[in-house]
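Biologist: I would like a close look at one part of this predicted model. Please take the contacts between its chains, and walk me through them in one go.

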Amino acid sequence: MIYMLFFLVIMMLAAGVGIIFIKNVLNAVIVSSVISLGISIIFVFLAAPDVAITEATIGSALTTVIFIIAISKTKGKYSEKKE
Amino acid sequence: MRKLIGLILIFGFAFYMFTIVAAIVIPSDSSEKKSVGIDILQNSVRQTGAANAVTSIVVLYRGFDTLGEVTVLFLSALGIALLMKGGRSFKHKTEDESFILKTGSHLLFPFMFLFGIYIIAHGHLTPGGGFPGGVIIATGFFIVLMTSDVFKFRDYFLTIIEGFAGLSFIVLGIVGLFTPEKSFLVNFMNKGVFNTVFSAGIIPLIYAAIGIKVSSELSGAVGNLFVSKYGRRSENE
Amino acid sequence: MNNIINIETLIFTASIGLVVIGIYLVIAEKNLIKIIIGLNLADSGVNIFIVFSGYIKNKTAPIFSKGSLGFENMVDPLPQALVLTAIVIGFGVTALSLAIAIRLYKHYGTLDISKIRGLKW
């Protein structure tokens with residue numbers, strides 16, 4: 001049981017380091033949504049189901065939608081370097 | 001240059017946390033704790049009648065913090081509406097979405113609505129409550145808004161519903177000033193039978209008000225972000 | 001090895017690791033949207049740490065359902081109520097900062113913060 005948590009934490013930290021090196025900002029937002037889902041699973045391991053439901057809906061669904069709306073409104077011929 | 005200074009600061013902070021703070025936090029024996037939370041666990045079923053201890057803390061023992069949180073959400077939705085409105089309204093024209101998206105979103109919306117109402121109504125028995133239930137209903141709303149060509153975004157009714165829900169939260173608190181205990185947000189209804197839907201006094205009513213307020217507020221805020229005239233699509237005017 | 005891989009060390013590493021990654025993204029990034037992603041990650045890391053402070057070994061969730069074993073076998077419910085508020089407030093901050101970023105793009109034409117503020121480095 002403890003090894004599941006070990007692999008989960010390793011995967012989340014590797015994804016977090018990967019966000020630093022990703023150039024395209026849309027890919028970084030998708031990886032951040034996966035990190036939010038991993039945090040929600042950690043809350044279940046810590047015996048807090050109320051907090052896990054709240055984090056799964058707010059952090060993984062709503063925040064990703066708002067980021068994608070903001071990215072689609074700030075692209076264009078005057079944006080910074082195309083990647 | 002910024003990356004170098006950033007790395008030095010980060011390593012300093014991580015070194016401090018892992019050597020000094022970890023020696024205090026990690027070996028502390030966590031099987032014998034004396035805190036306010038353990039005291040609340042022993043008395044919460046007798047005093048409030050709710051089966052979910054976290055819900056009774058959020059609504060009754062710490063109800064004033066929930067009022068502050070509702071205020072912060074209202075301020076952020078107000079800020080988004082102030083920044084994103086202005087000038088003439090922008091008629092948002094979707095490109096030709098695929099047929100699966102259009103019909104799929106219309107079929108999915110009643111189930112998400114029903115699921116959100118279930119989580120709000122059973123907040124004192126199972127994990128959940130007003131906040132995640134309201135967010136689920138708002139997610140159902142803007143799946144339909146973003147992929148449909150039949151529904152338009154009108155925020156007139158959403159603001160009226162949100163105002164009445166917020167007002168009813170405050171009115172439920174002020175009624176407590178006229179009971180013999182004379183304080184804001186007191187539990188003045190009777191506790192009912194344990195572990196049924198109509199129990200735990202005032203908690204289902206407050207969570208219903210919070211759920212309606214959060215769902216209408218968030219769908220209004222995200223709808224404002226989506227149909228605003230600032231941004232890329234208005235370049236070719 | 002089994003006295004290093006226990007649950008306290010793993011949760012502590014995850015929480016501090018997320019805060020460190022979030023702060024580094026705020027300091028050393030140029031794209032404004034990646035700065036806001038870093039702010040969101042640091043917020044989530046702190047929330048894990050607060051919930052962990054109420055955890056007692058081998059005890060279960062604080063809900064009195066039909067088959068529950070009484071209040072001697074439950075974790076502390078007070079930090080969970082505080083974190084419920086903190087998650088919602090973190091979302092409010094992220095949404096408002098993204099609205100400000102959209103208006104900045106409209107005014108300056110770019111999202112590169114070294115051009116917006118005139119930083120020399």
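How much area is buried between chain A and chain C, and what share of it do carbon and sulfur atoms give?

Modeller: About 3,900 Å² is buried between chain A and chain C. Carbon and sulfur atoms give 81% of that area. Bear in mind that this is a predicted model.

Start with the side of chain A that touches chain C. Three elements of chain A each give two or more residues to it: α1 (2–21), α2 (25–45) and α3 (49–72). The most comes from α3(A), with twelve residues. By class, this side has 31 nonpolar, seven polar and five charged residues. In total, 43 residues of chain A take part in the contact, with 47 residues from chain C.

Now the polar side of the A–C interface. Between chain A and chain C the count of salt bridges is zero. Three residue pairs are in polar contact across this interface, both residues of each pair being at pLDDT 80 or more.

Next, chain B against chain A. Here about 1,600 Å² is buried, and carbon and sulfur atoms give 71% of it. Chain B brings 19 residues to the contact and chain A brings 16. Salt bridges between chain B and chain A again come to zero. Polar contact joins two residue pairs across this interface, with both residues at pLDDT 80 or more.

Which parts of chain B face chain A? The elements that give two or more residues to that side are α3, α6 (130–147) and α8 (203–226) of chain B. Of these, α6(B) gives the most, with five residues. The side of chain B that touches chain A divides into twelve nonpolar, five polar and two charged residues.

One of those elements, α3(B), also packs within its own chain. Helix α2 of chain B (residues 36–48) and helix α3 of chain B (residues 53–61) meet at an angle of about 70°, their axes 10 Å apart. An angle of 65 to 115 degrees counts as roughly perpendicular, so α2(B) is roughly perpendicular to α3(B). From α2(B), the residues in contact are B:Ile40, B:Leu41, B:Asn43, B:Ser44, B:Gln47 and B:Thr48. They meet B:Ala53, B:Ser56, B:Ile57, B:Leu60 and B:Tyr61 of α3(B). That contact has six nonpolar and five polar residues, and no charged ones.

Finally, chain B meets chain C through a helix pair. On α4(B), the contact includes B:Glu69, B:Val72, B:Leu73, B:Ile80 and B:Met84. On α3(C), C:Leu84, C:Val88, C:Ile89, C:Leu96, C:Ile100 and C:Arg103 are among the residues that take part. By class, the contact of α4(B) with α3(C) has 13 nonpolar, four polar and two charged residues.

Notes: Residues numbered from 1 in each chain as written. Chains lettered and ligands numbered in written order. Predicted model: local features only at pLDDT ≥ 70, side-chain atom pairs only at ≥ 80, totals over all residues. Heavy atoms only, no water. Contact = heavy atoms within 4.5 Å. Buried area = accessible area lost by both parts, 1.4 Å probe. Salt bridge = Lys/Arg side-chain N within 4 Å of Asp/Glu carboxyl O. Polar contact = N/O pair within 3.5 Å; in protein donor to acceptor, adjacent residues only side chain to side chain. Helix = DSSP H or I, 4+ residues; strand = E, 2+ residues; numbered from the N terminus. Nonpolar A, V, L, I, M, F, W, Y, C, P; charged D, E, K, R; others polar. Axes fitted to C-alpha atoms, helices over the stretch in contact; angles between N-to-C directions. Parallel < 35°, antiparallel > 145°, perpendicular 65-115°, else oblique.
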